[in-house]
Amino acid sequence: KRDKFAPQATLDLRVDYLRPAVPGRTVIGRGECYRLTRSIAFVRGIAHDGDPNDPVAHVAGTFIGMTA
């Protein structure tokens, strides 16, 4: 959302594992930044091994931008 990569620190990261991945399958992750303030980014996402409607895990995190 900021149109560039920049250093950031993790304030909170939660991963809720829903089931084991199927052995031999690629795990695909998709995340989105759904809210961005001047200093904090709120992010959520899922991981699945082929069917997005049957996720392996849900994730949620908050990150703070770092200035040099």
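**Starting from a histidine**

Leaving aside its neighbours within four places in sequence, His 48 is in contact with Thr 26, Val 27, Ile 28, Asp 54, Pro 55 and Val 56, where contact means heavy atoms within 4.5 Å. Before going further, some ground rules: this is a predicted model, so local features need pLDDT of at least 70 and side-chain atom pairs count only at pLDDT 80 or more, while totals for chains, interfaces and linings use all residues. Residues are numbered from 1 along each chain as its sequence is written, and side-chain values use heavy atoms, with hydrogens and water left out.

Back to our histidine. His 48 is buried, at a relative accessible area of 10%; buried is under 20%, exposed is over 50%, and partly exposed is in between, using a 1.4 Å probe and protein chains only. Its side chain reaches the backbone nitrogen of Gly 50 at 3.1 Å, and a polar atom of that His 48 side chain also lies 3.5 Å from the backbone nitrogen of Asp 51.

Now zoom out. His 48 lies in strand β3 (strands are DSSP runs of E, at least two residues, numbered from the N terminus). β3 covers residues 40-48 and runs antiparallel to β2, joined by eight bridges; two strands pair if DSSP finds at least two bridges between them. Within this pairing, Leu 36 stands opposite Ala 41 of β3.

How do the strands line up overall? The order is β1-β4-β3-β2, an open sheet of four strands with antiparallel pairing. β1 (8-17) and β2 (28-36) are the edge strands, each pairing on one side only. On average, neighbouring strands of this sheet are turned by 20 degrees against each other, direction ignored; the axes are lines fitted to C-alpha atoms, and angles run from 0 to 180 degrees between N-to-C directions.

β1 pairs with β4 (residues 57-65) in the antiparallel sense over nine bridges, and Ala 9 has Ile 64 as its bridge partner in β4. Of the 10 residues of β1, zero are buried, so β1 lies largely in the open.

Key:
A polar contact is a pair of N or O atoms within 3.5 Å; within protein, one must be able to donate a hydrogen and the other to accept it, and residues adjacent in sequence count only if both atoms are side-chain atoms.
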